[in-house]
Every structure is written in structure tokens, then in C-alpha cells.
Amino acid sequence: MAEVNTGDGGGGKHDKKRAKKLSTRIDMTPMVDLAFLLLTFFVMTSTFNKAKTMEINFPADELDPSKQQKVNNALTFIMSKENTIYFYYGEFFPANNKDGKPATELTKTDFSKDGLHKLLLDKNRGTVEEINKLSEQLKTRAIADTTYKRLAINAKGNKAALTVLIKADDKAVYKNVIDLIDELNICQVGKYAVVDMMQAEVDLVTAEGTK
Amino acid sequence: MPKIKMPKANTSLDMTTMVDLALLLVTFFMLTASVRVSEPVVVDTPSSTSEKILPDNVLLVSVDRFGKAYFNISNPQVRIKTLTRMGEQYKIEFTDEEKKRFGAMTSIGVPMEKLKDYINLDDPQRQKVKSPGVPSDSTNNQLGEWIQFGRIEAAKQAKTEKEKAESLGRDFKYEQMSFAIKADGAANYIAVQDIIKVFTKLDIYRFNLITNLEQAEE
């Protein structure tokens, strides 16, 4: 059936006397060709990487905007056009407010290494140092994996840890927000929320933009 | 003819081991390969350093760069049931054939009124259709309805599967449906926020934002 005779092609006069030696070899070349072709095809087309995600909780809608301001140690970022970021620290005070506090001024920064990254590391130094210490301990096997995770979450959720509010105006793109959240994760900021802008902030950003 | 026969050089190699290996690899790749169905929209997701992998059981809303929304459910059975519920809501009857076709489709970006025609198109034609996006504004919040029905049907499906597994005496691993948002990096944030508001109005606050993996800078 599937045998292919090799070598006996000469055709001598002994042919009739000798029993034909059956070769057990099969010419596998075409099969191998096909197998490799298929292999190449599947290697090329298969995608191993499943989509990666970022888990995030959004605040409920009825969150009172006035309550947002009660957060202590808060840093508010406002994303605007062309990848610019404005930020202010602490509570927001509109101009000529009742309490007579100086009006909030926005500071401008960007996504460069000396901009956002440095700022976040600086503001969140306490937590970053604590987590670095913990990972050092993890490396030397002083603490277990699970303990490390628990302590790191504790450190991030600490009352003294930085809280970040993320706001975006109508000119910001989705990528900006993702980049910012990503940077927060890198800089070990555990408490952040994406919230709506207040009208006073919108006005302030508009004024800043036309400057 | 020479009298001494020269030994014939054997040119054939023993390829058995190589073939074994090659076929093993082919089998592996064939089994692991997943069919990628063409999406009606190209979404260029932004990158992040997050390494979390997207769960299998998801309700996915894609947002393209113009802020149009597309709806998808990963589980085909839940998809079909959701379509039935949506059909009841909008008084549109879908045949079994249409339901079957819908189960094999990916994201949809057409309003209910056009869905029947859209399902009945052939694959190549369907790709040519410019999807207007699933409407999600307050007067015509079809996206919200899709999400709501999808959620209900997913819970029902999980329940029936659990009962079935219990009656057969098997273990049942319940994976809750997660909600994923796949938005284009260039989309206006306010447009994405509007989609998120659709979810938060339905008391869904936890999302998976789909991103590309990027190497973290030290």
C-alpha cells in the first residue's frame, strides 16, 4: 500500500529469483512540507496576548460635588487640550470667596518625566518610601508575599497618603486620562477618583488656556 | 557495468522525530488558536503598564475615536438571549436563523431599527456598512437597555448552568460577568465619560478599561 520502493529500480536478471525486499520507509517529504507550512501559518496568525485591562471604580453619580472638597491631602488634576495638565493642591477656592482665602491658582505641567512623574513622586514620597522599604524586605525574604501585598495596600490607603482627583475638560482625550491613571499606579498612589469638573474650575481652565 | 557495486549513498534522512515535533507543534497551535472575527470598528487603545488580563466573561462596550458606542457580549448564548429580550422591547421578531447569526457576530454598532437588516447582511457586506453606533442619549438609551438585559440574561445563564452542573454532580465555577470599556486613545474624554455614565446609572461602578501593555520606565 503505502510503501515506496527505493533502490530496486536497477532491474537485474536476479529479479525473478529473489523475493522483493519491502522497504519500510515512507517518503515523508510532502507531509513534512505540509506540516511545516501549517506550523508557520499558525505561528504567524496566533495571538497569544490577551487584552490587558486596568480595573477602576467610578464614583456614584449622586456624589455631592461639595463633599469632594473635604478630602485632605488631595491633589486635583485637570486634563485639557494638547496633553496639558493643570493641577492644584488642596481645596478649591474660587476668586472672591466668602472665607477670604486666596483664590486657587492652577499650575501647568505635562506628561514628561520631569513633569508629572517627578511631581507625583514628590507629593507621594511617604508612601513611595514605605513601599520601597517593603519590597526591599520582600527581596530579602523578611516578609512573605501575601504580607507584602497587604502592607502595600495598607500603605496606599493610609490616611496620610496622597489622594488624587482626576478631572477632564471637553478638549481632553481619553488617552490622557489613561496615561494619568497609569502614572498614578507607577507612583504608588492608591487613592484616586475620576470626577466631574465644577463650573468654577472650567472657567479657570478656560482663562488659563487663553493666557 | 562495473563489477564492484558501489554502495549507494543514502540521501534520505530519518525525519520521524522532526515530523513528530512539527506535528505536535501544529496540533498545539491549532488547538490554542482562537478564531478572530473581524470587528466593525478599529479601536486603538492607549497603553498602560497594567498586566491584569481581561476576564473571559465580559460585556464589552467599545468607543471609537468619534465617540460612537459598540456593544458586545462574549458569551454567545447570553448574546442571543439578550437579543431576544431587546426584540421583545422593540417589537421586533428575530427568526432562529437570525439569532444564530447574531450569536456568531462580534460588536454591533447599529440601532435596533436597523439591526435586523444588519444581521441579514453577508460578512463582507457587513464590513462595508458604516455603523452609526448604538444610541446612548437620554431619550433613546438603547445602550443602557442592552447592558441591563445583558446583565440579567448573564445572571440567568449562570443560574441554569449551575443547576445543570449540580444535577450532573459536577463542580461549577461561577465567573461573574465583568464590564469592560475599550475606548480609542484619541476619543474625547467627555464622550467616554458619557458611556461610563450609562453604566453608573445602572449601578455598575467597576470597570475594566482595556489597554495595551507597555513597558514601565524605571
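**Two helices side by side**

A: Let's start in chain A of this predicted model, with helix H4 (residues 125-139) and helix H5 (residues 145-157): their axes come within 9 Å and cross at roughly 175°. An angle over 145 degrees counts as roughly antiparallel, so H4(A) and H5(A) are roughly antiparallel to each other.

Who does the touching? On the H4(A) side, the contact is made by Thr127(A), Glu130(A), Ile131(A), Leu134(A) and Leu138(A). H5(A) answers with Tyr148(A), Leu151(A), Ala152(A), Ala155(A) and Lys156(A). Sort this contact by class and you get seven nonpolar residues, one polar and two charged.

Now zoom out to the whole of chain A. Seven helices and six strands make up its list of elements, and along the sequence they follow the pattern α-β-α-β-β-β-α-α-α-β-α-β-α. Of the 211 residues in chain A, 23% are buried. If you take the contacts in chain A with a separation of 6 or more, 66% of them are between residues 24 or more positions apart.

Within chain A, confidence is highest in helix H1 (residues 29-45), at 83, and lowest in helix H2 (residues 65-68), at a mean of 52. Keep an eye on residues 7-13 of chain A too: the pLDDT there is below 50, and the stretch has one contact in the model beyond near neighbours in sequence.

Chain A also has a partner. Where it meets chain B, 38 residues from chain A and 45 residues from chain B take part in the contact. On the chain A side, H1, strand E1 (52-57) and helix H6 (174-186) each supply at least two residues. That side of chain A divides into 22 nonpolar, seven polar and nine charged residues.

And what about chain B itself? You'll find seven helices and eight strands there, and 31% of its 218 residues count as buried. For contacts in chain B between residues at least 6 apart in sequence, 69% join residues at least 24 apart. Its C-alpha trace spans about 100 × 55 × 40 Å along the principal axes. The radius of gyration of chain B is 25 Å, while a compact globule of 218 residues would have one near 17 Å.

Methods: Residues numbered from 1 in each chain as written. Chains lettered and ligands numbered in written order. Predicted model: local features only at pLDDT ≥ 70, side-chain atom pairs only at ≥ 80, totals over all residues. Helix = DSSP H or I, 4+ residues; strand = E, 2+ residues; numbered from the N terminus. Rg over C-alpha atoms; globule rule 2.2 N^0.38 Å. Buried ≥ 20, exposed ≤ 12 C-beta atoms within 10 Å, placed from the backbone. Contact = placed C-beta atoms within 7 Å. Axes fitted to C-alpha atoms, helices over the stretch in contact; angles between N-to-C directions. Parallel < 35°, antiparallel > 145°, perpendicular 65-115°, else oblique. Nonpolar A, V, L, I, M, F, W, Y, C, P; charged D, E, K, R; others polar. pLDDT = per-residue confidence, 0-100.
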